Structure formats: structure tokens, C-alpha cells
Amino acid sequence: MFPVDLTKATVDRIEFPLLKEKHIELFMLRLDKIHPVISGNKWFKLKYHLECFKKNNYKGILTFGGAYSNHIIATAYVAKLQGIKSTGIIRGEKPRELSPTLKECIDYGMQLEFVPRDIYRQKINHNSIPTEQQFPGYYTIPEGGAGAMGEKGCREILDRVNKDAYSHIACAIGTGTMFLGLANSSFPEVIGICVLKGMKDLPGQFNEMIHPPAKKKYCKIFYDYHAGGYARHTPELFSFMNDFYLQTGIPTDFVYNGKLVFAITDLAEQGYFPQGSSLLLIHSGGLQGNASLRKGTLIF
Ligand SMILES: *Cc1c(COP(=O)(O)O)cnc(C)c1O
């Protein structure tokens with residue numbers, strides 16, 4: 001079963017006075033529109049993990065994430081749709097009131113296990129997951145749907161797009177899986193906006209994974225647009241996102257795409273993009289994460 005509708009992923013032209021002035025064209029690939037729950041890049045990241053799951057007769061799926069994780073909710077939904085048992089290992093102690101994201105996951109039949117933050121970190125980092133032993137025969141999908149299977153799926157993000165029409169392709173970076181998939185499937189310069197603080201070692205890990213190696217020259221990552229760290233925010237970011245929505249009608253999430261668009265317009269302002277550049281931004285979805293904000297923060 002193919003749960004998402006890729007024909008809904010339009011390429012929207014974005015008219016921004018600043019960009020017009022600088023003779024830069026800006027487009028956005030609207031992956032946020034392919035499905036209300038499995039939004040953005042998460043379908044691409046899950047696709048080959050699911051294939052792997054099915055080929056090998058696993059009993060269920062085990063995966064990881066935070067209380068507002070787009071990956072967790074996408075996995076819960078796909079698992080329900082395909083009749084697969086799923087368990088989400090959730091970062092942090094069980095709160096008195098579950099987040100809307102986690103409540104929805106439970107509705108989809110996902111079993112949740114809460115793990116204190118320090119232990120959760122160790123598990124992810126050491127790649128030896130004691131919880132796995134509680135779930136014999138389960139297939140483990142790394143946090144965020146990362147890993148080689150996730151990257152393979154992300155190479156298909158641009159399949160329906162005329163890649164040659166753009167000088168730059170830009171996306172947000174969490175684990176960097178989508179960034180790698182884009183870099184490995186296109187020729188323009190690929191720009192990644194890191195939404196986590198302190199991830200300066202990304203290129204080191206990445207270098208081995210970019211093919212062909214000559215492509216590395218055309219991969220750029222910016223580290224200073226995280227607005228304080230992962231899922232952190234500033235009033236400036238919110239007013240930018242509201243303004244962007246008013247001007248374009250495009251909603252963004254504050255964890256990834258708000259920071260991406262902010263960064264790209266800032267870079268444009270600074271003269272990073274030569275005249276005549278044509279940019280394609282990947283809108284990677286994640287709008288459900290905005291539910292963690294106080295009502296009224298965003299106008300959409
Ligand atoms: C997961 C996610 C990302 C990050 O993708 P990575 O492949 O982990 O870098 C970006 N945007 C949204 C909306 C996401 O949910």
C-alpha cells in the first residue's frame with residue numbers, strides 16, 4: 001500500500017521583494033502536502049525501512065523520538081495502516097499529560113515506552129539498545145528514520161522535480177539523512193541548515209557518504225541558524241514565520257522549515273547567492289509540531 005500522494009507535492013514559486021531585487025528565483029517543493037500525518041520527508045525515510053521489515057519477517061517495529069516527533073507519529077500511522085505492531089521509545093519521563101502527538105500515536109495503536117533523557121541518549125549513541133531485548137524479533141528504525149535505508153528513500157525526493165532547473169537546493173538538517181539523499185541524487189549546490197546546536201562535526205561523518213566524492217565541493221552546511229538549539233525558538237523566528245505565511249500562504253513549522261526559510265532569506269540578504277540563482281527549498285512538513293506552542297503564537 002502506498003499511503004502518500006506524491007502528486008500533491010507542488011513546486012510553488014515564492015515572491016519575496018528582497019529576492020526580486022537581487023534577481024534570485026525561489027521555489028518550494030511542498031512535501032508538507034503529500035499526507036496530513038506522514039508529512040514531508042518522513043515517508044521517504046520510512047519507505048525502505050518498511051521494505052526491509054517486510055522481507056525479513058519481523059514481528060513489529062521499534063523506533064525512537066521525542067514527545068513531538070514527526071518521525072514517531074509517521075511511523076505509528078504507517079504501522080497502523082499496514083497492520084504492523086509498533087513501539088515508540090520516547091525521550092523523557094512519562095508526563096502527566098501526553099502531547100497531542102503521542103495521544104495520536106496511541107490512537108494509531110503504537111505502544112509507548114518512556115525513557116529518562118540521560119539513558120535515552122546513551123542508547124542512541126552506543127547503538128546498543130537494551131530495550132531491544134524486551135522486543136525480540138522487532139525491526140529497529142533509528143531515531144528520525146535515519147540510516148542507509150532512510151538515505152536511500154530520500155534520493156527519491158527529487159524524482160518528480162526538474163533538477164536541472166535549479167542552481168541550489170536547500171533543506172533543513174536534523175540527522176542529515178535528507179540532506180545526503182538530496183546531495184546523492186542531484187547536481188546543483190545542496191545547502192543544509194542545521195537546526196541543532198553544536199553539530200560542527202557533520203562534514204566529517206558526511207564526507208564518506210557523499211557520492212560521487214567530487215560532489216562534496218557543492219555541499220554547504222550552515223550551523224548558525226538553530227535559534228538556540230533543537231526545537232528552541234525566538235520571537236524573531238515566529239514573527240518571520242507569520243510574515244512568510246502572510247506573504248506566501250505557506251505555513252512552516254518552527255523546528256525545521258521556519259529556520260530553513262529564515263536562513264535562506266538571510267543568506268540572500270547577505271549576498272550569498274549570485275544574481276540569476278534559482279533556489280529550490282524542500283518544505284519537509286512537520287507542521288503538527290507547532291501544536292507544542294502556546295495558542296496564538298502563530299497565525300496559521
Ligand atoms: C525529520 C525532519 C527533518 C530532518 O530530516 P533529517 O533527514 O533528519 O535531517 C526536517 N524537517 C522535518 C519537518 C522533519 O520532520
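This is a predicted model: local features need pLDDT of at least 70, side-chain atom pairs count only at pLDDT 80 or more; totals for chains, interfaces and linings use all residues.

**Cysteines, helices and loops**

Modeller: The sulfur of Cys194 lies 10 Å from the closest cysteine sulfur, that of Cys171, which is too far for a bond. A disulfide is counted when a pair of cysteine sulfur atoms is within 2.5 Å.

Colleague: Is Cys194 buried or exposed?

Modeller: Cys194 is buried, with a relative accessible area of 0%. Buried means under 20% relative accessible area, exposed means over 50%, and partly exposed is in between (1.4 Å probe, protein chains only). Cys219 also counts as buried, at 14% relative accessibility.

Colleague: Where does Ile193 lie?

Modeller: Ile193 lies in strand 8, residues 189-194. Strands (E, at least two residues) and helices (H or I, at least four) are DSSP runs, numbered from the N terminus. Ile193 counts as buried, at 0% relative accessibility.

Colleague: Which residues does Ile193 touch?

Modeller: Leaving out residues up to four places away in sequence, Ile193 touches several residues, including Cys171, Phe222, Tyr225 and Leu267. Contact means heavy atoms within 4.5 Å.

Colleague: Now the helices. At what angle do helix 10 and helix 11 pack?

Modeller: Helix 10 (residues 235-248) and helix 11 (residues 257-269) pack at an angle of about 85°, and their axes are 10 Å apart. Axes are lines fitted to C-alpha atoms, for helices over the stretch in contact, and angles run from 0 to 180 degrees between N-to-C directions. Angles under 35 degrees count as roughly parallel, over 145 as roughly antiparallel, 65 to 115 as roughly perpendicular and the rest as oblique.

Colleague: Which residues does Phe240 touch?

Modeller: Phe240 has its place in helix 10, and touches Gly258, Val261, Phe262 and Thr265, not counting residues up to four places away in sequence. Phe240 counts as buried, at 15% relative accessibility.

Colleague: How do helix 3 and helix 4 pack?

Modeller: Helix 3 (residues 70-81) and helix 4 (residues 100-107) pack at an angle of about 15°, with axes 9 Å apart. Helix 3 and helix 4 are therefore roughly parallel to each other. In this pair, Ile72, Ile73 and Ala76 of helix 3 meet Thr101, Leu102, Glu104 and Cys105 of helix 4.

Colleague: One last topic, the loops. Where is Pro212 found?

Modeller: Pro212 is in the loop between helix 9 (202-207) and strand 9 (219-222). A cis peptide bond joins His211 and Pro212, with omega about -10°.

Colleague: And what is phi of Ala227?

Modeller: Phi of Ala227 is near 55°, a positive value in a residue other than glycine. Ala227 lies in the loop between strand 9 and helix 10.

Methods: Residues are numbered from 1 along each chain as its sequence is written. Side-chain values use heavy atoms; hydrogens and water are left out.
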